[in-house]
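Dear colleague,

Please find below the structure that I am handing over to you. My findings follow directly after it.

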Amino acid sequence: MPNSPAERPRRISVQRKGPLLVEGPVEVELEDGSTVVSDRFRVALCTCRRSRRYPWCDTSHRDRA
Amino acid sequence: MPPGLKGYPARMAYEGPRLPAARGPLSAGVREYLLGTGPLPPAPTAERAAPYGDDLQLALYVCYEPHYRGFAGVSPDVEWDPGLLRLRAALEQRFLTALRADTPVRDSVEDALAELLVEPVEGTGVSHFLRDEGELWQLREYAAQRSLYHLKEADPHAWVLPRLWGRAKAAMAAVEFDEYGGGRADRVHARLFADLMTDLDLDTTYGRYLDAACAETLATVNLMSLFGLHRGLRGALVGHFATVEITSSPGSRRLAEAMRRAGAGPAAAYFYDEHVEADAVHEQVVRHEVIGGLLEQEPWLAPDVAFGVGATVLLEDRLGERLLGDWRAGRSSLRTPPTLHTPPTSEKTHIS
């Protein structure tokens, strides 16, 4: 099925400031080999490394004033 | 007595939330009308009422509720009763005029959202207060007030779906699907909030705390119904939704900490933990896809989106000031403080 949705590459949106947005569900392998799973329709992966719910974004990348 | 639909037998809802007690002539008149015991208040009464006051806000809330769950003893046909809709329009006009006058005007949607995307180092809002010094009774009051929205979480926003299309519609529907538990009843956010209420020893019955809620709470929920029920305000609804999603994540983190510190129970903390993660995603989707998609198709709606953002901030700030003002003075923020099912001395200790 050339037009099957499954054939479409998974889209990941990147932004200079903010999380990676990945179409879910996803399984993320962490540095220690453990895995975490999210079945949300889209997931936000932390790139600033400040999240307290790493690897998920918790908006800690925001500017503080 | 509001007329029923011609040709159909009169229907009456015996189940459902109780009509709230009146808080003035407007809310008294609406109540009497719905019960079939009196006429609707004349339009000049609406024109003179304080736009953010208890009487107008409760009357408006009761006018909207037939679109959600209705009231016990009231025919579901009142949802489209012309007399009730005429009065509702007068109340909405009074409310909306005040909101337009009091909401600061921003040059662009980006400007309006930029203010929300900066986290204050020393925040002074309700969630900061509850995290740092909130006591269990204050958390219970907060949940009772917020239950007016959270027990129908995402419902007012669902009305915007037929008014959107393309990218905006698809993204809005996806976020709503997540709010509704992704197809799983036990994960519907309104259900998660009911579980939180159970942990806090509150009554989870829909509408149970309507009589207790202050005018400032009613206004925050009326704003969503107003924006949701008018296609002409779809831009404002989207702005409102973006504001909720952007501010929710950091606020929910503080509230989760508050719930843990007060020993509120695992479901109470879980509700806010789930919102930290979900709303970090929703924020991105709403900003880029819903707002982006809507303004790509209808760029002239930008001032409405910015107005929706500003009006939401305005009413949330008013509610925050009301809650903190009462709590700092050692007062209840509720008109009728909730009764505890268990004595206040039996402290819950959950280990999670």
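The largest nonpolar core in this predicted model has 107 residues. Those with the most contacts inside the core are Ala59(B), Leu91(B), Leu139(B), Val238(B), Met259(B) and Val290(B). Helix α13 of chain B, residues 266–297, contributes the largest share of this core, with 13 residues. Domain 1 (25–102) and domain 2 (109–328) of chain B both give residues to the core, so it lies between them.

Leaving aside residues up to four places away in sequence, Val238(B) touches Val160(B), Val290(B), Ile291(B), Leu294(B), Val305(B) and Gly308(B).

As to chain B overall, it has 14 helices and one strand. Its radius of gyration is 20 Å, close to the 20 Å that the globule rule gives for 352 residues, so chain B is as compact as a globular protein of that length. The C-alpha trace of chain B spans about 55 × 55 × 40 Å along its principal axes. Of the 352 residues in chain B, 50% are buried.

The contact between the chains takes 17 residues from chain A and 17 residues from chain B. On the side of chain A that touches chain B, β5(A) gives the most, with three residues. By class, that side of chain A has eight nonpolar, two polar and seven charged residues.

The two chains are also linked through strands: two bridges join β6(A) to strand β1 of chain B (residues 118–119), and these strands run parallel. Within this pairing, Asp63(A) stands opposite Val118(B).

With kind regards

Methods
Residues are numbered from 1 along each chain as its sequence is written. Chains are lettered from A and ligands numbered from 1 in the order in which they are written. This is a predicted model: local features need pLDDT of at least 70, side-chain atom pairs count only at pLDDT 80 or more; totals for chains, interfaces and linings use all residues. Helices (H or I, at least four residues) and strands (E, at least two) are DSSP runs, numbered from the N terminus. The radius of gyration is taken over C-alpha atoms; the globule rule is 2.2 Å times the number of residues to the power 0.38. A residue is buried if 20 or more other C-beta atoms lie within 10 Å of its own, exposed if 12 or fewer, and partly exposed in between; C-beta atoms are placed from the backbone. A nonpolar core is a set of buried Ala, Val, Leu, Ile, Met, Phe, Trp, Tyr and Cys residues joined through C-beta atoms within 7 Å. Domain bounds come from an automatic or database domain assignment. Two residues are in contact if their C-beta atoms, placed from the backbone, lie within 7 Å. Ala, Val, Leu, Ile, Met, Phe, Trp, Tyr, Cys and Pro count as nonpolar, Asp, Glu, Lys and Arg as charged, and the others, Gly among them, as polar. Two strands pair if DSSP finds at least two bridges between them.
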